[in-house]
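Dear colleague,

Please find below the sequence and structure that I am handing over to you. My findings follow directly after them.

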Amino acid sequence: MTKDPMNPNSLSTALFTDIRENIMNGKYSAGEKITENRICNEFGVSRTPVREAFKQLELEGLIENVPNRGAFVIGISEQDLHDIYELRIAIEVKAVKWAIERMSDEELKELQEAYDLMEFYTMKKDAVKMQYMNSNFHEIIYQSTHSRFLEQVLKSYQFYIMKTRKAALQVEDRLDEVLKEHKRILDAIYVKDIEEAEKALIEHLTNSQQRTKLGFNTLKKINA
């Protein structure tokens, strides 16, 4: 856990980030009780930042404070995953359309470079770096829309998008599959075929949803 000693709010924010990560990767499972004492001991902090972190976690719907009982992990359910992907499809289909209409030559070059690195890390079987470039590929599409409203919407649930991508890539031997899906999207963008780009994106996200379910189940088994 890293924090800025000059920022009084940084400790609770860092703590919130770490606890959220533990919930998302299954270290703290749904229904599990997490007490202030446990978190204080685990992270070596006082109660004040823990209380602030718990407030943030409750606002994000990741824990529930039950009167006279304490805080319980809600986590991410299959319904939550379904909802995240429904939102991703709706937003990213619009994003790829706007990107094709508004993308500069330089942005197209950046998208190609992101894909090339995805291809390189796929060959290396480096899932961590592949995941990073996967995110970069999609973010270039978002930025290429030149829509501040779309980026504002994405920022509100970007963390969960990132975690679903990571979980999807936990599934073994799927890097080649993911790469091919991005190649189809890239090819459609190059020829400015909006309909094909939208179809390719929907297929990619539908497949990603299935990979994510497998990935989350794998993480749960590891942390069980």
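In the protein, 68% of the contacts with a separation of 6 or more are between residues 24 or more positions apart, a contact being heavy atoms within 4.5 Å.

This is a predicted model, in which local features need pLDDT of at least 70 and side-chain atom pairs count only at pLDDT 80 or more, while totals for chains, interfaces and linings use all residues. Residues are numbered from 1 along each chain as its sequence is written, and side-chain values use heavy atoms, with hydrogens and water left out.

Overall fold

The protein has nine helices and three strands, taken as DSSP runs (helices: H or I, at least four residues; strands: E, at least two) and numbered from the N terminus. Along the sequence their pattern is α-β-α-α-β-β-α-α-α-α-α-α. Of the 224 residues, 43% are buried; buried means under 20% relative accessible area, exposed over 50%, and partly exposed in between (1.4 Å probe, protein chains only). The protein exposes about 12,200 Å², of which carbon and sulfur atoms supply 52%; these areas come from the Shrake-Rupley method with a 1.4 Å probe.

Helix H1

Helix H1 covers residues 10-24, and its end C-alpha atoms are 21 Å apart, in agreement with the 21 Å that its 15 residues should span at 1.5 Å a residue. The expected span is 1.5 Å times one less than the number of residues. The buried residues of H1 include Leu 15, Phe 16, Ile 19 and Ile 23, and also Arg 20 and Asn 22. After H1 comes Gly 26, with a positive phi near 90°.

Side-chain interactions

Ser 208 belongs to helix H9 (residues 194-223) and is buried, at 5% relative accessibility. Its side chain makes a polar contact of 2.9 Å with that of Tyr 85. A polar contact is a pair of N or O atoms within 3.5 Å; within protein, one must be able to donate a hydrogen and the other to accept it, and residues adjacent in sequence count only if both atoms are side-chain atoms.

How many aromatic pairs are there? The count is one, where ring centres of Phe, Tyr or Trp (its six-membered ring) must lie within 6.5 Å, and planes under 30 degrees apart count as stacked, over 60 as edge-to-face and the rest as tilted. Phe 120 and Tyr 121 form this edge-to-face pair, at 5.2 Å centre to centre and 70° between the planes. Phe 120 is partly exposed, at 40% relative accessible area, whereas Tyr 121 is buried, at 17%.

Arg 102 lies over the face of Trp 98, 4.6 Å from the ring centre; the rule requires NZ of Lys or CZ of Arg within 6 Å of the ring centre and within 35 degrees of the ring normal.

Kind regards
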